[in-house]
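User: Hi! Could you walk me through this structure? I'd like to start with one residue and then move on to other topics.
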Amino acid sequence: MLATREDDSGGCLTLRLAHSCYRHLIWDCGLVNEEQAARLLSGLSRRYADESRFAWVRELTHPDGHSIVVVPRTGRVQIRLHYLTPHGERERCARQVVGELSAALRCCEPV
Amino acid sequence: MSELNLSPLRRYLPEDLMFLAGQPAVYHCHHFNLFLDQTIDDALGPELGGRLRTRAAREFSHHLLQAVCAKQGAELPPERLQVALELFRLMGHGRLHLDASPSGGAARGTHLHYGFAWHEKYGQKVRRLDPADAFGSGYAAAAIEVAFGLRLGAMNAHEQSCVAMRAPACDITLDATQTLEEPRPFIGEAEAEAATGPAENGLFEDIIGPISNGLKEFTAGVAGDERGLVQAFGVFVTMHLAGYYNRISFDALEAVRAQSPHSEGVLADLLRESGHVCVFNTFGGILLSPEWEGLVGPLVDDPGQILAFCMAMGRALGFGRWIVADFQPERRFVLRTPCSYESTYYRTRFGIAERPVEYFLQGAALAMAQLAHRVHWTARPQLTPEYYQQLFKGGVPWRAEQTRAIVCGAPVSEIVVTRV
């Protein structure tokens, strides 16, 4: 019933397979606080396109087509890999993206 | 001809039935869609079941496409075909390519919702022997009919190969036919309003209303991606024609009643189970999504709140103005609504029923009670088939009884769910 993987491979942010029917495309990261969420959004803004439709759930798109969803009020961060990511590459790719997110947070604070 | 966008075509009645260009429409996920189609094929066999599903798709797609082409100002066949293909994609049903004239032709589908989703869900475990895309086939037939100004039923469609059967794409043949179906009563907004009772407020209305409005605003922007699929809330979502669900359900019931009446109860139970499948997967997926968390906040394990959330979701998905008429934790939950997509269809096509027939609504109400009381939402469970089995098979501790029914002449429909 619970998620199958939990890992701190991203440095600051943990990575956990999220609920979905998309075979390892959706990954939840550990929660960040409100200040970190703002910093994360700011840090990603150079490389990611902001495609948010609402202030209450922000969606940023990676140049490779992956999305990062951030809930500012709770600090929830979710990685949505592009559907063309090969099956065997999905976990590695999620680790790579969470690494970028952690870098954007400058890895200076424990989560 | 203006650019096609679903949002201006979508309208909710004040009683929360949803319409797309005047056709009753709802949002349902691939789990529900596959389960209901399979139920029909189990009842009638894959050949008869497939034929019924194709005809139902053709009928309601024809009405939809006529209305959308009129609204878009699409008058010429190429314009109408373009509208049809784009609408199909936006609704989350995949991509269709049509090469046909009034005398027939072919359609090719890529990422068709049913075939693709079936392959994703079962393809590694089960070898499917029959094509899965009756909806896409019927839609393709309707697109040709509307594009060339043909009568409803003038075009037959048969899916010859399907990705669910491990083919590289879905291939559909289209043939002109002289054997037209008997016209059936049209179901639009006026017919729905005639079968709708007075709107009421229930418990938790201060929670339900704002969330429902927020969800409606969110889903207004939901549309198929470049594949024609909607990946949202952990499932593949479609905006679908309620008439399709209703016709395949009620025609299958009628056929089973005529041929093997002792099996009618089994089919009714499976239609109820479609409500469990929807609530578990779609409602559960919405509750676990970041979008929900952003709109509403973190989940709490409070049955009353979860039921209130379910009412909000039901309204936003176009199922009707569901209210919590009564709630006693661990004991009793009463869902009431002034309309449902099942009752609208039944009243328009068949009139007054001897007994309640809102099977989906009955199953959904029971499933909501189970999800509200038995799921530890704060642990963010994975909504797996195993977890579904655990929750809904082998002794569900609830009983759902429909005590009032619009189809029986009551002003509202009411499901009373009590602890066994």
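Analyst: Happy to! Let's start with B:Leu335, which counts as buried at 0% relative accessibility (buried means under 20% relative accessible area, exposed over 50%, partly exposed in between, with a 1.4 Å probe and protein chains only). This is a predicted model, where local features need pLDDT of at least 70, side-chain atom pairs count only at pLDDT 80 or more, and totals for chains, interfaces and linings use all residues. Residues are numbered from 1 along each chain as its sequence is written, chains are lettered from A and ligands numbered from 1 in the order in which they are written, and side-chain values use heavy atoms, with hydrogens and water left out.

User: Where is B:Leu335 placed, and which residues does B:Leu335 touch?
Analyst: B:Leu335 sits in strand β11 (residues 332–337) of chain B; helices (H or I, at least four residues) and strands (E, at least two) are DSSP runs, numbered from the N terminus. Leaving aside residues up to four places away in sequence, B:Leu335 touches B:Met311, B:Trp322, B:Ile323, B:Leu361, B:Ala365, B:Met368, B:Ser413, B:Glu414 and B:Ile415. Contact here means heavy atoms within 4.5 Å.

User: Switching to aromatics, how many aromatic pairs are there over all chains?
Analyst: The count comes to 32 aromatic pairs over all chains. Rings of Phe, Tyr and Trp (its six-membered ring) pair if their centres lie within 6.5 Å; planes under 30 degrees apart count as stacked, over 60 as edge-to-face and the rest as tilted. One of them joins B:Phe280 and B:Phe392, edge-to-face at 6.3 Å centre to centre, with 90° between the planes. That pair links distant parts of the chain, 112 residues apart: B:Phe280 is in helix α10 (residues 264–287) of chain B, and B:Phe392 is in helix α15 (residues 385–392) of chain B.

User: Are those two buried or exposed?
Analyst: B:Phe280 is buried, with a relative accessible area of 1%, and B:Phe392 is buried too, at 6%. The rings of B:Phe392 and B:Tyr388 also pair: their centres are 5.0 Å apart and their planes at 35°, so this pair is tilted. B:Tyr388 and B:Phe392 are four residues apart in helix α15 of chain B, about one turn of the helix.

User: Now the chain contact. How many residues come from chain B and chain A?
Analyst: Chain B gives 36 residues and chain A gives 27 residues. Between them the chains bury about 2700 Å², 51% of it on carbon and sulfur atoms. Buried area is the accessible area (1.4 Å probe) that two parts lose on being put together, summed over both. On the chain B side, B:Pro290, B:Arg380 and B:Gln382 lose the most area to chain A, together 24% of what that side buries.

User: And how many salt bridges are there between chain B and chain A?
Analyst: There are four salt bridges between chain B and chain A, each a side-chain nitrogen of Lys or Arg within 4 Å of a carboxyl oxygen of Asp or Glu. One of them joins A:Arg80 and B:Glu291, with the closest N and O atoms 2.9 Å apart.

User: Last one: what is chain A made of?
Analyst: Chain A has two helices and seven strands, running β-β-β-α-β-β-β-β-α from the N terminus on. Of its 111 residues, 50% count as buried.
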